[in-house]
Amino acid sequence: MCDRSSDTIIENNTMVKNTARAYGGAICLWYSDLIIINNIIAYNSAGAGGGYSSEFSYPLIVNSIFWGDSSNIGNEIHVENDPEPVVEFCDIDGSWEGQGNINNYPLFRDPENGDYHLMAIECGDSFDSPCIDAGDPSIFDYLLDCDWGLGYERSDMGAYGGMAIPTDIKEHERDLELPRGICLSQNYPNPFNSSTVINYSLSKTSFVIVSIYNVLGQLETTVFEGIQQAGRQSITWDADDYPSGVYFARVETDKRSANIRMVLLK
């Protein structure tokens, strides 16, 4: 992917085994200020910057995995005529300075057959990926299962972890736009005993219904129903009268809905 003179978001992509003769096997930028978030960029190759290359650009790279990319100059990340990009909470082969960055083999589940999910013992794998629960602490996995995120306290790194639009990260000293529709974070705490907080963000003032369902898809209770303003919202569910088990929180507006899985342990 090559981008010039734009200010957009690249999110939740798996870019693998691409080749470029010159710059940027997966991503190359000119005069661009992109947010690159929740991506897996692996086993690409180029003349310079096997994973990423830029010139006269100043991107923000968060919650992404750069691994196994190859190049004559800068295997993973290569920059020309730029300050170095802001890179945070990423797993980068060969290491990269920045808050929360690591340099550990990400343990993809089956990359030879195109499966770039993260290995997890609870999903039947032999090991836990170091990228699980290692992402930006302000981003949460909004779907918890073996096909998506597995972070109970924060987002996983890579394409399968994190909400669609981050709400707490700043791009070069300015706030990101509000999420499109609903961004539903994982409840906290989870698992929980008796009560838990459900956090979400709205892109505009909306009529909202927050409901709790059991594993059979039956409605247990409606926690909130009413109009809420755009921005962050929090609802507490008091589950003192409910038995231990798995429940699902559903947040609905007139046009969109989102769900999370919650575990009540008493």
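The following is a conversation about how terms are applied to one predicted protein model.

Biologist: What do the numbering and the values rest on?

Modeller: Residues are numbered from 1 along each chain as its sequence is written, and side-chain values use heavy atoms, leaving out hydrogens and water. The model is predicted, so local features need pLDDT of at least 70 and side-chain atom pairs count only at pLDDT 80 or more, while totals for chains, interfaces and linings use all residues.

Biologist: How many helices and strands does the protein have, and what makes a run of residues a strand?

Modeller: There are zero helices and 26 strands. Both are DSSP runs numbered from the N terminus: helices are H or I with at least four residues, strands are E with at least two.

Biologist: Why is Q186 called buried?

Modeller: Buried means under 20% relative accessible area, exposed means over 50%, and partly exposed is in between, with a 1.4 Å probe and protein chains only. Q186 has 2% relative accessibility, so Q186 counts as buried. Q186 sits in the loop between β20 (182-184) and β21 (195-202).

Biologist: How do you know that Q186 makes a polar contact with N187?

Modeller: A polar contact is a pair of N or O atoms within 3.5 Å; within protein, one must be able to donate a hydrogen and the other to accept it, and residues adjacent in sequence count only if both atoms are side-chain atoms. The Q186 and N187 contact is between side chains, at 2.6 Å. A polar atom of the Q186 side chain also lies 2.8 Å from the backbone oxygen of R261.

Biologist: Which residues does Q186 touch beyond its sequence neighbours?

Modeller: Contact means heavy atoms within 4.5 Å. Leaving out residues up to four places away in sequence, Q186 touches F140, D141, L144, I260 and R261.

Biologist: Why are W148 and Y160 called an edge-to-face pair?

Modeller: Rings of Phe, Tyr and Trp (its six-membered ring) pair if their centres lie within 6.5 Å; planes under 30 degrees apart count as stacked, over 60 as edge-to-face and the rest as tilted. W148 and Y160 are 6.3 Å apart centre to centre, with 70 degrees between the planes, and therefore qualify as edge-to-face. Both residues are in the loop between β17 (115-118) and β18 (170-171), so the pair ties together parts that are 12 residues apart in sequence. W148 is partly exposed at 40%, and Y160 is partly exposed at 23%.

Biologist: How many aromatic pairs does the structure hold?

Modeller: The structure holds seven. Ring pairs also link F192, W237, Y242 and Y247 into a cluster.

Biologist: What makes a set of residues a nonpolar core?

Modeller: The set consists of buried Ala, Val, Leu, Ile, Met, Phe, Trp, Tyr and Cys residues joined through side-chain atoms within 4.5 Å. The largest such core has 20 residues, of which L184, I198, Y200, W237 and M262 touch the most other members. Elements giving two or more residues to this core are β20, β21, β22 (206-214), β24 (231-238), β25 (245-252) and β26 (257-264). β26 gives the most, with four residues. Apart from this core lies another, of 15 residues, among them M15, I41, I77 and V87.

Biologist: Is I235 buried or exposed?

Modeller: I235 has a relative accessible area of 11%, so I235 is buried. I235 is in strand β24, and its C-alpha atom is separated by 5.1 Å from that of I198, 37 residues apart along the chain.

Biologist: What makes a space a cavity, and how many are there?

Modeller: On a 1 Å grid over the protein atoms alone, a cavity is a set of points where a 1.4 Å probe fits but cannot get out; lining residues have an atom within 4 Å of a point. Grid points are joined across faces, edges and corners, and a volume is the space filled by probe spheres set on the points. The count comes to two cavities of 30 Å³ or more. The largest holds about 80 Å³ and is lined by 15 residues, of which H117, L118, W148, D156 and Y160 lie nearest its centre.

Biologist: Which peptide bonds are cis?

Modeller: Among them are the bond joining Y188 and P189, with omega about -5 degrees, and the bond from N190 to P191, with omega near 0 degrees. Most peptide bonds are trans.

Terms used
1 Å grid on protein atoms, 1.4 Å probe; cavity = no way out; pocket = protein on both sides within 12 Å on 5 of 7 lines; lining within 4 Å.
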